[in-house]
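Hello,

Here is the structure for you to take over. Please have a look at it first; my notes on what was found follow below.

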Amino acid sequence: MVDLISQYEKIKPSVDKAISNVIHNATFINGPEVHSFKDDLQEYLNVKHVIPCANGTDALQISLMSLGLKPGDEVITPSFTYIATTEVIALLRLKPVFVDVQKDTFCIDPKELEKAITPNTKAIVPVHLYGQAANMNEIMSIANKHNLFVIEDNAQAIGSDFKKSDGSTVKTGTIGTIGCTSFFPSKNLGCYGDGGAIFTNDDDLANTIRQIANHGQSKKYYHDIVGCNSRLDSIQAAVLKIKLKELDNYIESRRNVAKYYDDAFSSLKGVTIPFRSDESKHVFHQYTLILEGIDRDELNRYLAECNVPSMIYYPVPAHRQKMFQEFNSEDLELPVTDWLTQRVISLPIHTEMEEEQLKHISTSFINYLNKK
Ligand SMILES: *Cc1c(COP(=O)(O)O)cnc(C)c1O
């Protein structure tokens with residue numbers, strides 16, 4: 001699905017030198033690379049504070065911890081997402097309230113979101129799934145009306161531009177109260193191990209977040225609040241500093257792949273190509289089609305025989321996971337989520353795809369449909 005080796009080959013000299021520098025200086029933890037990458041990312045995102053941490057799941061957890069919520073407080077989130085988004089809510093003894101997504105954007109449906117608000121609702125966690133931004137204009141206006149925090153799960157959409165209602169363009173992850181991302185290797189901005197970051201424009205929250213990520217410490221060996229230990233390694237920061245300079249090029253490569261697939265698939269019966277919203281720039285962490293009246297398992301097997309990988313993101317939505325049984329979530333009616341779960345399929349997309357590969361993938365896909 002991805003080709004991280006070819007991508008590395010193109011930046012090898014600078015990456016090797018940067019990693020070797022960290023080793024020679026033995027500044028493995030909190031080295032100058034971490035601060036310098038943090039500064040670069042703040043500038044790229046045009047956000048006041050970036051707080052690096054150990055992974056995207058920690059970023060979400062620490063963000064929720066920083067809001068001063070009480071056990072049982074409700075947090076609204078889509079069910080159609082990677083498990084990390086929803087898992088941290090339950091881990092903190094908050095109550096995940098799953099709502100349905102929109103068929104076109106795959107992201108949380110603002111109308112369903114507003115219906116799910118109760119006096120116990122404290123926060124919303126929208127997910128910019130597959131690189132397509134959620135409808136943040138409507139989400140923010142609902143959040144402001146009901147005085148709710150918004151934590152954007154931006155793990156799949158870093159670098160995406162979003163047009164706000166006031167006409168200004170900002171980066172996703174900087175619109176809500178807090179934004180979170182993951183630097184997992186296969187993400188659009190990935191490192192060579194685990195990594196994550198938290199973004200906010202709120203000075204007080206930024207201080208609290210920094211403190212929580214560092215054992216709740218206010219000064220060395222003085223721990224005021226319960227926190228955790230979540231850091232980005234210097235080696236990962238050194239890699240990310242180099243890859244951040246490439247991020248816009250990486251996004252363009254992904255968008256070109258998507259364009260190629262769109263042209264190949266747009267007129268096929270039973271196949272819906274990814275939606276583009278006027279408000280946001282799709283950064284194509286995944287290229288995901290909707291199949292109607294097509295046997296997805298058989299297609300997947302056929303593609304595998306042609307040496308074409310394909311994936312289902314995600315085969316079981318959160319509300320149907322055993323993990324959430326105590327919330328009786330499996331009885332929930334989330335028709336669009338269930339409908340999509342049974343019909344989506346993702347094709348390979350990455351920064352190093354050659355025209356020949358694209359041709360082989362799309363031809364194999366079309367051949368399967370023609371066989372029918
Ligand atoms: C990858 C991902 C995460 C978690 O990131 P990790 O770094 O793997 O912990 C959270 N949410 C979404 C939507 C993701 O895609």
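Ser182 has Gly196 as its bridge partner in β9. The strands concerned are β8 (residues 178-182) and β9, which run antiparallel and are joined by four bridges. Strands and helices here are DSSP runs (E, at least two residues, for strands; H or I, at least four, for helices), numbered from the N terminus. Two strands count as paired if DSSP finds at least two bridges between them.

This is a predicted model, in which local features need pLDDT of at least 70 and side-chain atom pairs count only at pLDDT 80 or more, while totals for chains, interfaces and linings use all residues. Residues are numbered from 1 along each chain as its sequence is written, and side-chain values use heavy atoms, with hydrogens and water left out.

β9 also pairs with strand β1 (residues 49-53), in the antiparallel sense and over five bridges. Five of the five residues of β9 (residues 196-200) are buried, so the strand is largely enclosed by the rest of the structure. Gly196, Ile198 and Thr200 are buried on one side, and Ala197 and Phe199 on the other, which leaves both faces covered. Buried means under 20% relative accessible area, exposed over 50%, and partly exposed in between (1.4 Å probe, protein chains only).

Ser182 comes up again at the ligand, where an N or O atom of its side chain is 2.7 Å from a ligand oxygen. Lys187 places a polar side-chain atom 3.1 Å from an oxygen of the ligand, and Gly56 has a polar backbone atom 2.8 Å from a ligand oxygen. The cut-off for a polar contact is a pair of N or O atoms within 3.5 Å; within protein, one must be able to donate a hydrogen and the other to accept it, and residues adjacent in sequence count only if both atoms are side-chain atoms. In total 13 residues surround the ligand, the closest being Gly56, Thr57, Asp153, Ser182 and Lys187; a residue is near a molecule or strand if one of its heavy atoms lies within 4 Å of it.

On helix α4 (residues 83-91), the buried residues are Ala84, Thr85, Thr86, Val88, Ile89 and Ala90. They pack against α3 (56-65), β2 (74-78), β3 (95-99) and β5 (149-153), with contact meaning heavy atoms within 4.5 Å.

For Cys53 the nearest cysteine sulfur is that of Cys180, 7.5 Å away. Cys53 counts as buried at 0% relative accessibility, and Cys306 counts as buried at 17%.

There is also an open sheet of three strands, ordered β12-β13-β14 with antiparallel pairing. β12 (271-272) and β14 (344-347) are the edge strands with a single partner each, so one side of each has no neighbour in the sheet. Two bridges link β12 to β13 (residues 287-291), and Thr272 has Ile290 as its bridge partner in β13.

Last, His319 sits in the loop between α9 and α10 (335-341). Its relative accessible area is 0%, so His319 is buried. Beyond neighbours within four places in sequence, the residues in contact with His319 include Ser79, Phe98, Glu330 and Asp338.

Regards

Definitions and conventions
A disulfide is a pair of cysteine sulfur atoms within 2.5 Å.
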